[in-house]
Structure formats: structure tokens, C-alpha cells
Amino acid sequence: VALCAACSASAYEFEPAAVVVPPNGASRSKWLWDSKSDATNGCVSFYRKDFELKSAPRAAKIDVFFDDSGSLWVNGVPKPVGSIGDALRSGRNTLAFELHNGHGVSAINFLLTGTDAEGRTFSVHSDEQVRVSRTAEPGWEKPDFDDSRWNAVTTFGDVLAQPWSRYFDIRSRMTTAEEREALAAAERAARALPDGLDCEPPIVA
């Protein structure tokens with residue numbers, strides 16, 4: 001891990017604290033790496049995620065955490081991290097990522113959220129459905145590319161997984177509104193006093 005991300009790493013430096021994990025985990029977005037090889041200093045890996053939309057979205061945005069740096073394509077078009085609604089369409093869509101590792105372990109984590117034509121929210125996550133390769137064949141970033149020979153990814157856990165959670169708090173970036181509420185509810189439940197304890201008289205020295 002090198003302290004580098006799609007945004008300034010200094011914005012995410014924090015003092016780690018104990019975090020209560022909801023029963024179903026903290027996030028559907030996972031840290032991903034190639035299942036067939038280890039990360040080496042200076043290595044490059046390529047990732048693809050296909051998904052379907054019933055209609056072109058009203059709006060959509062994506063956040064990506066590259067460990068250590070990388071690039072994004074949406075339906076074959078290079079895009080900066082952020083608003084990508086204009087690049088999505090009805091039917092099949094493809095997110096493609098090129099990940100560069102500086103040194104140490106490496107991984108990628110992303111979350112796409114949007115609103116469809118009928119006002120319903122949707123999300124696309126870095127999960128087990130992503131495919132990965134260490135070789136960039138011609139057209140690898142395009143929707144019609146056949147990635148059936150690419151490797152499955154290995155998942156290293158959700159937004160609370162180490163070593164990344166030691167250095168970056170990305171809970172607000174890589175969780176949906178429902179997941180953030182589940183995290184908050186779990187923390188409230190953990191802090192709640194047992195029944196009757198909150199009515200105990202104060203201790204007098």
C-alpha cells in the first residue's frame with residue numbers, strides 16, 4: 001500500500017477507531033485483486049465489470065480508490081472519476097480500470113451510484129463479478145470485448161478491511177445510503193445501555 005488514491009490521500013488520514021460491523025458486512029463494494037498472481041512492485045492489472053441498465057440514467061457518479069494509481073473507462077471512453085451519467089446507456093454497460101501498483105500490496109475498490117429514468121436509485125459495486133487480467137489486449141476496455149478468458153478476482157473484504165482501513169476512512173465514499181444507515185444503526189446498538197441501566201442512580205463517593 002502506498003498512500004495514494006483518486007483523491008488526495010491526506011484528506012483520508014485519520015486515527016483508526018473500533019468500528020461495529022453490521023451482520024451483513026459494512027459494504028457490498030470490496031477490495032479486489034487478481035486471483036492468479038501476487039502484487040509486485042510496479043505491476044499493472046486490468047479490470048472489467050459489465051452490468052445492465054433498463055434505461056439511460058438521469059444521473060450517475062462513480063468513486064474509485066486505486067492502490068496505488070489508475071485510470072477509468074466507461075463503455076470504452078476514458079473518464080475522470082466523478083459524474084459519468086452521460087457515458088451510460090440503456091442495455092449493457094462496461095466499467096474498465098487500469099491499476100498501477102507502486103509497492104507493497106495492491107487493490108481496487110469502486111462504487112457507482114445513480115438514478116434511473118423513473119427516479120429509482122441503483123448501484124454497481126466492486127465485487128466477485130469483476131474480471132481481471134495482467135495483459136491489456138486490443139479493445140479490452142470496450143463493452144464488446146470477450147473477457148471470458150480473464151481471471152476471477154480475489155476479494156479482500158469490505159471498506160473496513162485491513163491494511164487499507166488503517167490509513168483511510170472510505171466508509172462515506174464506498175457505501176450506499178442504506179449501508180451507511182446500517183453502520184450507524186450497528187454503532188448505536190453497540191453503545192446503547194442495557195435496559196434499566198440508564199435509570200441507575202449516580203454513584204456517590
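Student: Where does S126 lie?
Tutor: S126 lies in the loop between β9 and β10 (131–133). Helices (H or I, at least four residues) and strands (E, at least two) are DSSP runs, numbered from the N terminus. This is a predicted model, in which local features need pLDDT of at least 70 and side-chain atom pairs count only at pLDDT 80 or more, while totals for chains, interfaces and linings use all residues. Residues are numbered from 1 along each chain as its sequence is written, and side-chain values use heavy atoms, with hydrogens and water left out.

Student: Why is S126 called buried?
Tutor: Buried means under 20% relative accessible area, exposed over 50%, and partly exposed in between (1.4 Å probe, protein chains only). The relative accessible area of S126 is 0%, so S126 is buried.

Student: Which residues is S126 in contact with, leaving aside its neighbours within four places in sequence?
Tutor: They are R28, S29, K30, L32, N109 and F110. Contact means heavy atoms within 4.5 Å.

Student: What makes the pairing of S126 with N109 a polar contact?
Tutor: A polar contact is a pair of N or O atoms within 3.5 Å; within protein, one must be able to donate a hydrogen and the other to accept it, and residues adjacent in sequence count only if both atoms are side-chain atoms. The side chains of S126 and N109 make such a contact at 3.4 Å, which is within the cut-off.

Student: Why does T175 count as buried?
Tutor: The relative accessibility of T175 is 2%, so T175 counts as buried. T175 is found in the loop between α1 (164–167) and α2 (177–191). Its side chain reaches the backbone oxygen of R171 at 2.2 Å. Beyond four places in sequence, T175 is in contact with A26, S27, L111, V159, R180 and L183.

Student: Which form does the peptide bond from D67 to D68 take, cis or trans?
Tutor: That bond is cis, with omega near 25°; D68 has its place in the loop between β3 and β4. The bond from Q162 to P163 is also cis, with omega near 15°, and P163 sits in the loop between β11 (151–155) and α1.

Student: What makes a set of residues a nonpolar core?
Tutor: It is a set of buried Ala, Val, Leu, Ile, Met, Phe, Trp, Tyr and Cys residues joined through side-chain atoms within 4.5 Å. The largest one here has 26 residues, and Y47, I62, L95, F97 and L112 have the most contacts inside it. Its largest share, four residues, comes from β3. I62 touches, among others, L72, V81, I84, L95 and F110. Apart from this core lies another, of 12 residues, including A107, A161, W164 and F168. In soluble globular proteins, nonpolar side chains tend to be buried together.

Student: How many helices and strands does the chain have?
Tutor: The chain has two helices and 11 strands. Buried residues make up 44% of its 205 residues. Of the contacts with a separation of 6 or more, 77% join residues 24 or more positions apart.
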